[in-house]
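Please look at the sequence and the structure while I speak.

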Amino acid sequence: MALPVAEWQARTARLWAALDPALKERMAAASLHDAVRLGCDLLRQEEEEETALVRLCHRARTGKEPEAASWYREQGNREFKQGQYQAALRLYSKAASHEPPGSPEVSVCFANRSAALLHLGHFEVCLEDIARAESHGYPDRLLPKVLLRKAECLLCLERLQEAQDILGALESKIALDGVMTTHLTRLKKLSQLKVKLGEKKRCPEPAREARGGIQGEPEVWEENSRISGASSSLSLRYDAERGRHLVAFQDIVAGQSLVKEEAFVSVLCPGESLPLQDGDTTWDTRATNADLYCHRCLRQLLASVPCQGCSYAKYCSQDCADMAWQQYHRTECSLGALLLTLGVFCHVALRTVLLAGFAEVSRLVEWSHHGEKNLQNPEAGCKPLSDAGDGSRGIPGCGSNGRYQSSYQALFHLLPHTEQHSPEHKFLCTLSVVAICKQLQAAGLEAAVLNQESPQQGSKPKTCEKTSDELSSELKTVAEAMLRHVLQLQCNAQAITVMQELGPGDGAVVDKKPVRLATAFFPVLSLLNHSCCPNTSMSFNGTAATVRASQPISSGQEVLHCYGPHWCRMRVAERQQLLSQYFFECRCQACLEELESGVKSVVSIRNSFCCPKCQAQMQEEEDTLCCSNEACATSASRDHLSGRLQELQQQIKKALDLLRVGKADQAIKMLLKCQMDAGSFLSPEHLLMGEMEDHLAQVYATLGKWQEAARHLKKSIEIVEMHHGPSSVETGHELFKLAQILFNGFAVSEALSTIQRAEGILSVHFGPQSAQIQELQEMKACLSELPRNILQRT
């Protein structure tokens, strides 16, 4: 959720509508500096709005709740008893996040979680959780249980001496306990572990050859001396039409890395799990981004380390938790509910100024008051660069040395488009950032924001409360910078995406889809202009982004990135409408060709309806669709066919739900029926036809019917290639799935050729070190090691 919750948007909209026309005019024309001051005055007068915001914040529960911890732990125990260890693991993590620091109950959460980790085979992490349980005062009467678990982990990790020491200490501890009958089960387990230890010592396993991941060739990389994180093959240019942009300084080959940049700031998108009703006491067991990824580095979580002050922030390690606290979370911790209520853009804006530091923020805000015109129109007084060796001091965001760095200064110079945002949107953003700064002041966090003191981790935060005090001049400066960043984000926010598994992810064929994980500022990536037919591809590893050439780029050609609506996926009119949020009219090659030729978009043709009688393409005539076959002359209303399409999509969803609960045979019947129905009114090339082939392949793979699965997936690939092209990332993902199916089906020669093709496409988009490339290479190595007579037969 980028913007504030709908209720706050509605309240600010009503407040805007009720404003005096003269004040509206002042607000609409106000600079960022003046907008903040007007917003402060308005919010101070409107106590009802502040009260409403406090009420909205109560829905986003981010504090420690022992009752919730107890409930989550019980749910985790239930899942554990049923053998659902992954679900239990996440529920125990939720329980731990709600326990107050230092409470004995939190040690029980870590101990319970260690049991799930042991069953899942994560022995090192299991040992870490056992250590956490011990350090948090795990009850002495329960200690033998976790010590047995610790010994078992050490045995599995071949740390035999440590295992022997633990077993000896445990044996002594049980012997000292007067009531031996309470430990009968543990004594039996102890005896079994001692036998296992003795066997391992007598018969050490032969040293295994360390294979690890198969490494691709190291990538050649030379960093640009004038643009941090950019390749030396790029140069920074500037002109009135395109502003700052990157151009190839030499010929670039497909797959070559062009930019490698760490986000200046990133904020995890929380997901959809917050209660929506006032007074709701039902806790949500669903796992969302907030439960699955580290709130600082965005790594996938296994056993999260909770924040000591709130229940929301979770980290992959204590190091990440400590670093987040020092950099920004010491300020954000008590504001969690407010930040979730006001949306990710406001959160990114706050974190940006916290990371930059008040001294730098104040310096640039003060400078902007004198150079406001140049900030609004950075082209003024800037000279173009004729080659990579030219100085770049005239380009906004460059330092005094002429170098463009991924810095706060570069970020500050990104255009906020103050005059182009609607007055209503600007008003919403102004009141939101002022509300955050008022809460900073009310919670006693002003000194921390100004880098004057550091709150203690785990100290009891003040809750979101109403305050009518006048903001200090320093916090008004912070609010002005935050307003600038919120407005910048509409055009410069970069979504960090991750390929997330659909379903449980425990099948032979893993289906994945890209999911928005976080919103970030990347100052160097922001130099890339948009094209609906880009020549680059972007991938992410945690908070780091890599841009690669998706096709050859000639020297002098601009390096372009797609902001969202790709020409393969959407008609030009729809693309232009979506791109209007960026305050420019796209004039890329794809748009110009489609607009000037007057020829119907290939997307429209492929995703068209077909005649229910003769299967010819249907043509638009206002609200009615008519068969293009003059001899047929069948017509149908667009609403009717659109309704059929929506109903079909619902049926497909039901079929996938059946698959998720293990009813594969019923899922097949429903999908085949959907396929027959779709064929009566959709074009054979319609993307939904390809999706159904993909789903059928998934179901047959679940049943181990590999040949049938491969047949359906090949049909899906044909349709994907028509829409996205044979070298597209979409085709690469489909070929990856086909390689898995052929590998599992033992179709060796076909699997090897599919692996080679998938590898060629995916390495261009994600590089030779990506997880998918590594998996493809492991499959290839496995198949290549088969006896020659088997290879010849397949």
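Let me begin with a definition: two strands pair if DSSP finds at least two bridges between them. Helices (H or I, at least four residues) and strands (E, at least two) are DSSP runs, numbered from the N terminus. With those terms in place, M538 has V547 in β11 as its bridge partner.

A word on the source. This is a predicted model, in which local features need pLDDT of at least 70, side-chain atom pairs count only at pLDDT 80 or more, and totals for chains, interfaces and linings use all residues. Residues are numbered from 1 along each chain as its sequence is written, and side-chain values use heavy atoms, with hydrogens and water left out.

The protein chain holds 32 helices and 15 strands. Of its 794 residues, 51% are buried, where buried means under 20% relative accessible area, exposed over 50%, and partly exposed in between (1.4 Å probe, protein chains only). Contact means heavy atoms within 4.5 Å. Among contacts between residues at least 6 apart in sequence, 67% join residues at least 24 apart.

I return to the sheet. Three strands form an open sheet in the order β3-β11-β10, with antiparallel pairing. β3 (257-262) and β10 stand at the edges with a single partner strand each, so one side of each has no neighbour in the sheet. From one strand to the next, the twist averages 15°. β10 pairs with strand β11 (residues 544-549) over 6 bridges, in the antiparallel sense.

What lies across β10 and β11? Helix α30 (residues 748-766) does, running at about 125° to β11; axes are lines fitted to C-alpha atoms, for helices over the stretch in contact, and angles run from 0 to 180 degrees between N-to-C directions. Helix α30 contains H765, which is buried at 6% relative accessibility. Leaving aside residues up to four places away in sequence, H765 touches S537, S539, R548, S550, S727, S728 and V729. A polar atom of the H765 side chain lies 3.4 Å from the backbone nitrogen of V729.

N535 sits in the loop between β9 (529-530) and β10 (536-541). N535 is buried as well, at a relative accessible area of 3%. Its side chain reaches the backbone nitrogen of L560 at 2.8 Å, which falls within the limit for a polar contact, a pair of N or O atoms within 3.5 Å; within protein, one must be able to donate a hydrogen and the other to accept it, and residues adjacent in sequence count only if both atoms are side-chain atoms. Not counting residues up to four places away in sequence, the residues that N535 touches include R548, S550 and L560.

Elsewhere, a hairpin joins β1 to β2 through 3 residues. Strand β1 (residues 234-239) and β2 run antiparallel, joined by 6 bridges, and R237 stands opposite H245 in β2. In strand β2 (residues 243-248), 6 of the 6 residues are buried, so the strand is largely enclosed by the rest of the structure.

Finally, the cores. A nonpolar core is a set of buried Ala, Val, Leu, Ile, Met, Phe, Trp, Tyr and Cys residues joined through side-chain atoms within 4.5 Å. In the largest, of 120 residues, L246, L350, Y404, Y408, I436 and M482 touch the most other members. Helix α19 (residues 423-442) gives the most to this core, with 10 residues. A second, separate core of 53 residues includes C674, L696, L735 and F736.
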